[in-house]
Amino acid sequence: MFKLFTKSFWDVVARLILRNKIGILAGILVATIFFAYQWENMRFTYTEANLLPDDHEVNIVYKDFLDIFGEEGNLIVLGVKDSTLFTVENLNAWNNLSDAFKNFDEVETVVSLKDLQKLVKNVDEERFDLEPFIKDSITSASELEILQEDLFEKYPFYDNFLFNKETKTIRTAIYMKKDIVNTPVRKDFVFNSLIPKIASFEQETRLDVRVSGMPYVRTLNAQNIVDEIGKFIAAALGVTSLIFFFFFRSFRATLISMIVVCLGVMWTFGILGLLNYEITVLTALIPPLIIVIGIPNCIFLINKYQHEVKLHGNKVKSLQRVITKIGNATLMTNVTTASGFATFILTESTLLKEFGIVASLSILAIFILCLLIIPIIYTFLPFPKDRHLEHLNKRWIGGFVDWMERMVKQRRITIYITSIILLILSMIGMNQIKISGSLIEDMSKTSEFFSDIRFFEEEFNGIMPMEILVDTKRKKGVIKLATLKRMNELEELIIETPELSRPISIVSLVKYSKQAYTNGNPKYYQLPTSQENLFISSYIKNSSSDVSLLKNFVDSTGQYARITTFMKDVGTDKMERIEEDIQNKIDKVFPAEKYNVTITGKALVFQKGTKYLVKNLAISLSLAIVLISLFMAYMFRSFRMIVVSLIPNLLPLVITAGLMGFIGVPIKPSTILVFSIAFGISVDDTIHFLAKYRQELQANHWKIRKSVYAALRETGVSMFYTSIVLFFGFSVFTISSFGGTVALGALVSATLLFAMLSNLLLLPSLLLSLERSIANKEVLKEPSINIIPEEDDDEPKNDATNTA
């Protein structure tokens with residue numbers, strides 16, 4: 001009954017499409033214009049990818065911190081490591097450059113050498129005064145010598161903040177306004193103000209200025225993502241069109257396919273705009289993915305049309321059969337592919353949800369476009385010439401099909417032994433896989449800003465902020481000496497940790513106050529005793545409020561304090577060890593009944609997000625397997641067939657995981673997508689093979705061996721064609737400057753290649769070896785969905801060129 005319904009349904013669809021050509025094309029044009037208007041709603045991401053759900057404990061802690069102290073990633077740093085900076089002319093030019101940024105609306109404050117203040121004891125008025133290191137400008141070499149002596153010898157308060165006394169590296173800190181740091185205004189400031197001014201300074205002084213800080217890095221990294229979208233689309237179109245032309249040797253067929261996938265890309269951008277989603281490092285991959293996935297649809301449809309035309313010479317009948325015979329098959333394979341992406345929707349990560357929604361909708365959209373446009377366009381075109389059909393008689397592909405058949409017939413034991421060896425080796429490799437939670441690991445290694453990150457890591461121990469929030473549970477609890485001593489003890493651990501920079505907090509200011517109280521002696525840069533604290537406190541109370549140089553590190557009530565440090569780009573394991581060491585120190589130093597101390601910051605949130613994604617990987621992949629298994633169970637109604645079909649598709653995933661372990665590719669947000677994507681695509685070949693196999697069983701009166709070899713020869717060609725397209729299509733991602741995207745492209749390509757061989761060698765071998773238990777009428781009942789309709793009487797069977 002359902003079979004008759006399905007057949008009649010596709011007959012109706014074919015009639016509707018071929019009889020309403022103009023109306024359908026007009027509808028596609030209107031839909032394309034509608035989606036094009038949605039492009040204006042697209043926006044590029046201006047925040048870091050938050051991989052955790054909003055209600056996750058780590059996110060709640062981070063949001064509490066932001067509520068108290070505001071955005072923490074608003075610092076841009078400029079640095080120079082050059083002895084020629086310490087000349088009167090160059091140092092004044094450096095200070096003038098820093099001063100120039102104070103005039104921009106986007107800048108909250110600038111701290112440079114010229115802004116540094118000496119805390120000086122005023123005995124007469126029993127207070128601290130602030131005196132600038134540089135009053136207006138440096139006028140002589142002697143002033144410059146005094147300045148260097150003060151900076152590098154006398155005032156440890158500023159060490160490792162604006163200079164490195166060991167290497168004589170100088171930097172300027174530019175704090176952007178917190179309310180615009182995650183908006184498009186940031187991009188305008190970086191590209192239109194910051195970069196041009198720095199370039200002008202470098203040209204005048206011949207000094208090399210290094211620039212970093214999260215607002216700057218995020219802006220340039222986001223721009224790289226935008227630039228690569230066009231590069232990926234062009235590369236995907238170029239590669240797939242060349243392969244397509246190589247198969248068909250027809251400019252006409254190639255052009256039609258390019259039109260279809262280009263419309264698919266336009267619709268994808270429209271879906272992004274319609275849903276008001278940001279273009280992230282993940283969603284930027286979808287347009288070229290649609291090209292790569294759409295071309296195999298075009299191959300199936302056009303190849304079937306040309307095969308039908310060659311068979312009986314009736315163009316209208318050929319186009320009708322294209323829809324009725326290939327429409328169902330391509331629908332099923334596109335649904336399984338979309339399912340692989342759709343499993344990400346069920347995760348609680350907003351980043352993955354958006355990727356899954358857009359990708360799955362776009363895959364279904366490209367299927368609709370292929371099914372509608374290709375048959376309609378061919379109704380307007382003349383009858384194919386003989387040269388357009390020459391590819392159907394290719395001889396070179398016959399050698400590949402013969403090799404497969406020989407392997408399955410004569411080398412099944414070899415295939416099984418090879419599969420078992422690969423499985424064992426892969427499981428060994430899987431145990432070596434590491435997890436990476438680095439914010440910058442996937443950034444372009446060839447970009448100038450990445451080398452600047454490494455520069456600041458070497459000179460100042462990193463740029464990725466890590467925050468410790470100290471809640472004293474009472475007002476003005478921060479300024480209590482007992483609290484300061486506890487914070488100091490924690491800071492000593494941070495200083496001893498080579499992956500962390502020197503911490504900045506209220507503790508540093510209190511130490512500076514004692515140094516000033518002892519007439520500037522750097523030996524007394526330390527916390528005061530209880531008695532000294534009484535005297536120093538009276539000096540602070542009598543001082544101007546401007547003395548509070550670190551007022552951003554204590555909230556207005558005095559209940560909360562922050563300790564800010566910056567982290568190098570370290571692996572997840574090392575980051576977890578650092579976090580554990582700090583947490584152990586916190587537990588030891590801060591009594592839980594008096595203090596609530598939490599570790600947070602962008603670096604930690606990202607690391608926790610990666611760990612969370614690893615858990616979701618298992619969930620999403622399991623969902624993909626279950627979903628596709630249910631789908632195949634509905635089609636084939638055979639549990640044993642489900643098990644047999646899953647083995648050739650799970651083995652390539654295990655091999656890829658093992659390969660990642662052996663070559664050192666870590667699990668991270670980019671590579672985590674490989675498995676669900678590859679599984680959703682590779683299972684298409686299995687569906688095609690098993691559907692054809694079942695049809696051959698019926699045609700050959702349940703003669704198993706004959707049916708297996710017939711299905712292998714027929715579907716082997718189409719599986720080879722589409723796998724080659726997918727392999728080279730995903731390979732275009734290896735031209736990316738982002739390490740994660742390169743890994744994604746290479747791993748998916750490799751997995752799909754393994755999957756093709758597995759489906760062409762292991763799957764038929766299993767069917768032959770287990771023929772008694774799986775290939776009988778009771779096990780292989782009438783399918784709920786007949787993917788490949790019964791062949792007509794005038795159509796010869798077992799034609800290796802029929803890729804349907």
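K168 is partly exposed, because its relative accessible area is 34%; the class runs between buried, under 20%, and exposed, over 50%, with a 1.4 Å probe and protein chains only. K168 lies in the loop between strand 6 (163-164) and strand 7 (169-176). The phi angle of K168 is near 65°, a positive value in a residue other than glycine. K473 also has phi near 65°, positive in a residue other than glycine. K473 sits in the loop between strand 10 (464-471) and helix 15 (481-496). With 43% relative accessibility, K473 counts as partly exposed.

The model is predicted: local features need pLDDT of at least 70, side-chain atom pairs count only at pLDDT 80 or more, and totals for chains, interfaces and linings use all residues. Residues are numbered from 1 along each chain as its sequence is written, and side-chain values use heavy atoms, with hydrogens and water left out.

Now the whole chain. Its secondary structure comes to 24 helices and twelve strands. Of its 804 residues, 59% count as buried. Contact means heavy atoms within 4.5 Å. Among contacts between residues at least 6 apart in sequence, 81% join residues at least 24 apart.

K21 is in helix 2 (residues 21-38). Its C-alpha lies 6.0 Å from that of I376, although K21 and I376 are 355 residues apart in sequence. Neighbours within four places aside, K21 is in contact with I376, T379 and F380. K21 is partly exposed, with a relative accessible area of 24%.

T254 is found in helix 8 (residues 251-274). It counts as buried because its relative accessibility is 9%. Leaving out residues up to four places away in sequence, T254 touches S241, F244 and F245. S426 belongs to helix 13 (residues 412-430). Is S426 buried or exposed? S426 is buried, with a relative accessible area of 4%. A polar atom of its side chain lies 2.6 Å from the backbone oxygen of L422. Beyond its neighbours within four places in sequence, S426 is in contact with V654, I655 and G658.

Next, the aromatic rings. A pair of aromatic rings is described by the distance of the centres and the angle of the planes. Rings of Phe, Tyr and Trp (its six-membered ring) pair if their centres lie within 6.5 Å; planes under 30 degrees apart count as stacked, over 60 as edge-to-face and the rest as tilted. By this rule there are 18 aromatic pairs. In one of them, F104 and F189, the ring centres are 5.8 Å apart and the planes stand at 75°, so the pair is edge-to-face. F104 lies in the loop between helix 4 (88-100) and strand 3 (107-111), and F189 in helix 6 (residues 184-205), so the pair ties together parts that are 85 residues apart in sequence. F104 is partly exposed, with a relative accessible area of 22%. F189 is buried, with a relative accessible area of 0%. The rings of F455 and F456 have centres 5.1 Å apart and planes at 85°, so this pair is edge-to-face. Both F455 and F456 are buried.

Some rings also meet charges. A charge sits over a ring if NZ of Lys or CZ of Arg is within 6 Å of the ring centre and within 35 degrees of the ring normal. F133, Y155, F157 and Y512 form one aromatic cluster. K118 lies over the face of F133, at 5.5 Å from the ring centre. The charged end of R171 sits over the ring of F460, 3.9 Å from its centre.

A cavity is a set of points, on a 1 Å grid over the protein atoms alone, where a 1.4 Å probe fits but cannot get out; lining residues have an atom within 4 Å of a point. Points are joined across faces, edges and corners, and a volume is the space filled by probe spheres set on the points. The count comes to eight cavities of 30 Å³ or more. The largest cavity has a volume of about 230 Å³. Its lining has 18 residues, of which P296, I681, D684, T722 and L726 lie nearest its centre. Helix 9 (286-312), helix 10 (315-342), helix 21 (674-699), helix 22 (704-731) and helix 23 (739-769) each supply at least two residues of that lining.

How values were computed: Helices (H or I, at least four residues) and strands (E, at least two) are DSSP runs, numbered from the N terminus. A polar contact is a pair of N or O atoms within 3.5 Å; within protein, one must be able to donate a hydrogen and the other to accept it, and residues adjacent in sequence count only if both atoms are side-chain atoms. On a 1 Å grid over the protein atoms alone, a cavity is a set of points where a 1.4 Å probe fits but cannot get out, and a pocket is an open set with protein on both sides within 12 Å along at least five of seven lines; lining residues have an atom within 4 Å of a point.
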